[in-house]
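Notebook open, structure loaded. I'm jotting down what I look up as I go.

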Amino acid sequence: MEYVLTTESLCKKYGKNKILNDINIKIPKGSIYGLVGKNGAGKTTLMRVITGLQAPSSGTYTLSGVKNTDMKINRVRRRMGALVETPGLYKNLSAYDNIKLQYINLGLTSFDDIPELLKLVALEDAGKKKAGKFSLGMRQRLGVALAMCGNPDILVLDEPINGLDPQGIIEIREMLLNINKQKSTSILISSHILDELSRLATDYAFIDNGRILQTLSAEALARKTSKAAKLVVNDNKAMSRVLDRMGLRYEVASDGSIDVFGDINVSSLVHEADKENVEILKLLENDETLEAYFMNLVGKGGDQE
Amino acid sequence: MIAQIRTLLYRVVRSKSTWILLIAPALILTLGFLLRLFEISMAGYENAIIPFYPAEYAILLFFASAVFTHIIVSTEKSDGGWRNKISIGVKRIYIYMASWIVSALFALLSTSLFVLTDYILRTIWGNSHTKNYIAPENKFIVLTLVWVLAFSALYTLINVYFSMKIFGLVVSLLAFWGFIGIRSLCQARLDEPYKKFFVNEETGLEEYEENPYYVTGNVRKALVYISERVPIVYNDMTDDTSDRKISKHVDKIQKETAIVFLLTSTVIGIVSFERKEIT
């Protein structure tokens, strides 16, 4: 598999505080990679390091096959677009002028597609209004537009839907899904609105206190969080036969319990288990959202199974 | 780097502060001149000699340059210009040099405007009131330009280095006054051994006192060395108008020092910016 970004034992310290601690992630090319973490977990710091705003204290990262210590890293960054923390907007210039300046920074000579980019982020009517007078939502949209200048191969977006109304959130989501699908743009995105992230991401990394707790694909996460029951029985083998007979998907966890997925008819399950002389010691219903999954993960310190 | 200069100029040209700062020294010079004309007319007699030294106003060029550099660098920082550029792979040295070059361009333009204003005032008024209008010598104008360019490099370094808003401006202005202060201190110690004098009221003769601040030997050599190298502003020159001239020797040293000053500030600034953590 090709990776657009990998980090190798990446660390970042401020004095004695370790903000990033041995970060190892691999972002597949063409994926939408969700970075999930609380405030102060290290998401923004990780993005600052990747975008060259800060240097790592130790470890390295590789962007499109080029290591951060390589002289060519700046050339590779030309194919990156970023919105880190707050949007970088010149307050005394209009949306058009802000984008035009970013085009000039990128070495682009034609400004013909700026109106189209403004339309994409619903700022086509901003006109000559100075960015300093924009609402929070407008500033955020312009920040996303700036990140998308030059059709980058990789987008790094730090909480891009902050301050947006529901309509705006939907529009940005659809835009990101669109560019990911049509242009195979890889996206690294962090968001506090986990429900929204769950509609976008194809892969996840959960981060807490500067450490990666878990990385997994959206499919794997869906398996773990879909409606299920957790069974504790006296005979796992016999129970497996029961579940196979009932056509239910299940996984035996490391603690000996059985996670059953899908819709379960509890009385049928108990009846079938009784036929095999299986005693159900515990039956717990489990219906995790991404939020609940994350909170459980953070509570357990990582590697939730 | 051309792209970085272009984007900075694009912003700067659209900012009202740029134009105000550009014309301020020349405007204040003109107002000072008009005020002096008024004073002469109020003196009420022909050929009143109330000297006007336009070169005294040249110090304003340093202030305007400090404020301008602070504005362009601090807005690049606070508006996220640095973040936008660095994250797309623009080299930090280009970003830094663009800031200095635009600051230097401003210094050049504002000095040129100042010189032009001086020339116009001199042309209009100088012929009929030559005793009153004390035009600066060309050497002084060139030196002022060289020093304003050198200080623009220092101002860029200071404003890039300090993250706190307005702090960069305060330090820039203090740095300028600091250098001027050094010169004044040196001058006070380099006076004549019997400079101080008084007129004996009974005899009407001038009598001299020993200058308690007079220094000799290696201390004097060191002070001379320093005073020849700190920036000359017009007010630092002697009160005797016939001595308001810069010797060839001092002119050469001043230019060399300004160039070293400029290069040192730029190198330190670039190294500092390469390591700076952008938040």
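**Helix α1 of chain A.** I listed the buried residues of α1(A) and got K43(A), T44(A), T45(A), L46(A), M47(A), R48(A), V49(A) and I50(A). That makes eight of eight for the helix, which spans residues 43–50, so I call it mostly covered, buried here meaning 20 or more other C-beta atoms within 10 Å of a residue's own. I kept in mind that this is a predicted model. Just past the helix I checked the backbone and found G52(A) with a positive phi of about 85 degrees.

**The six-stranded sheet.** In what order do the six strands of the open sheet in chain A run? I read it off as β7-β8-β9-β4-β10-β11, with mixed pairing. At the edges I found β7 (80–83) and β11 (211–217) of chain A, each pairing on one side only. Neighbouring strands in this sheet are turned by 15 degrees against each other on average, if I ignore direction.

Then I looked at one pair inside the sheet. I followed L157(A) across and landed on its bridge partner in β9(A), I189(A). Next I asked what sits on the sheet: helix α5 (136–147) of chain A packs there and touches β7 and β8 of chain A. The direction of α5(A) makes about 165 degrees with that of β7(A).

**Chain A as a whole.** I got 11 helices and 15 strands for chain A. Of its 305 residues, 41% are buried. The C-alpha atoms fill a box of roughly 75 × 45 × 35 Å along the principal axes. I also looked at contacts between residues at least 6 apart in sequence, and 70% of those in chain A join residues at least 24 apart.

**Where chain B meets chain A.** How many residues of each chain are in contact with the other? I have 21 from chain B against 27 from chain A. On the chain B side, the elements giving two or more residues are α1 (2–13) and α4 (81–86) of chain B. I sorted the residues of that side by type and got six nonpolar, seven polar and eight charged.

Conventions: Residues numbered from 1 in each chain as written. Chains lettered and ligands numbered in written order. Predicted model: local features only at pLDDT ≥ 70, side-chain atom pairs only at ≥ 80, totals over all residues. Buried ≥ 20, exposed ≤ 12 C-beta atoms within 10 Å, placed from the backbone. Helix = DSSP H or I, 4+ residues; strand = E, 2+ residues; numbered from the N terminus. Pairing = 2+ DSSP bridges. Axes fitted to C-alpha atoms, helices over the stretch in contact; angles between N-to-C directions. Contact = placed C-beta atoms within 7 Å. Nonpolar A, V, L, I, M, F, W, Y, C, P; charged D, E, K, R; others polar.
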